[in-house]
Amino acid sequence: MIREVDIDEISDGRRYRSQDMVKIGCADCSGCSECCRKVDDTIILDPYDIYELTRGLGAGFDELLTQGSIPAIVLGMADGLLLPHLNIDKEIGACRFLNKDGRCGIHNFRPGFCRLYPLGRIYENGGFSYFLQVYECPYPNKTKVKIRKWLGIENLPAYESFVLEWHDILAAARKETAAITSESETAKYMTAFLKRFYQDPYDPSQSFYDQFNRRKSSLDQ
Ligand code: SF4
Ligand code: SF4
């Protein structure tokens with residue numbers, strides 16, 4: 001989700017790279033689950049998240065949207081586009097994947113936003129850096145951890161290239177939808193965008209990046 005904030009007010013003023021150490025270590029959360037309880041509709045999912053959820057839960061996009069008493073994901077408007085986000089369990093007011101023990105039930109394939117927290121990303125000069133949101137995780141006496149380790153994402157260089165490309169694709173899609181004046185054409189555009197990048201099934205046995213690149217290339221045809 002895009003946020004219009006003064007980064008100096010919410011961070012320590014520094015930009016970080018994945019090889020940098022940052023004070024974010026929270027002893028495996030030590031019984032805290034605060035950040036999973038205030039997610040509301042903020043965990044917007046990208047195609048890599050959907051690929052990971054598909055792999056981890058053995059369910060395609062349509063099943064993630066519809067299966068179970070509380071489906072895994074929901075569609076909602078985010079920054080002018082219709083995008084999937086993680087669902088919440090309204091009864092407990094927390095992410096629907098927070099289990100009874102207050103732990104993440106999908107830890108190994110949790111979305112990118114969950115891996116990142118309490119870091120954020122800032123996009124500048126054609127690239128992006130990480131920054132520390134100093135008022136987020138309240139755990140005291142945090143320890144230093146390398147960002148690469150914190151994220152725990154396989155093939156991080158490929159993932160970071162994807163993150164940047166996806167940011168640009170979203171920006172272009174927002175521009176296009178903003179220029180469309182008819183409601184039905186806007187709906188048509190958003191449906192096609194969802195289908196291309198999310199709904200058409202990803203093969204979990206194949207590389208995500210190859211599949212994403214094919215979908216991205218078809219934008220130019
Ligand atoms: S707020 Fe911090 S300590 Fe609590 S669950 Fe989130 S990351 Fe862990
Ligand atoms: S997916 Fe896991 S880490 Fe992310 S908000 Fe839900 S319970 Fe928390």
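A residue counts as near a molecule if its C-beta atom, placed from the backbone, lies within 6 Å of it. This is a predicted model, where local features need pLDDT of at least 70, side-chain atom pairs count only at pLDDT 80 or more, and totals for chains, interfaces and linings use all residues. Residues are numbered from 1 along each chain as its sequence is written, while chains are lettered from A and ligands numbered from 1 in the order in which they are written.

**View 1. The surroundings of ligand 1.** Cys 26, Cys 29, Cys 32 and Cys 35 are among the residues around the ligand.

**View 2. Val 39 in its loop.** The loop runs between strand E1 (21-25) and helix H2 (47-57). Helices (H or I, at least four residues) and strands (E, at least two) are DSSP runs, numbered from the N terminus. Val 39 is buried, because 21 other C-beta atoms lie within 10 Å; the cut-off for buried is 20 or more, for exposed 12 or fewer, with partly exposed in between. Beyond its neighbours within four places in sequence, Val 39 is in contact (C-beta atoms, placed from the backbone, within 7 Å) with Leu 86, Ile 88 and Cys 95.

**View 3. Val 39 and Arg 148.** In sequence, 109 residues separate them. In space, the C-alpha to C-alpha distance is 24 Å.

Note on methods
Two residues are in contact if their C-beta atoms, placed from the backbone, lie within 7 Å.
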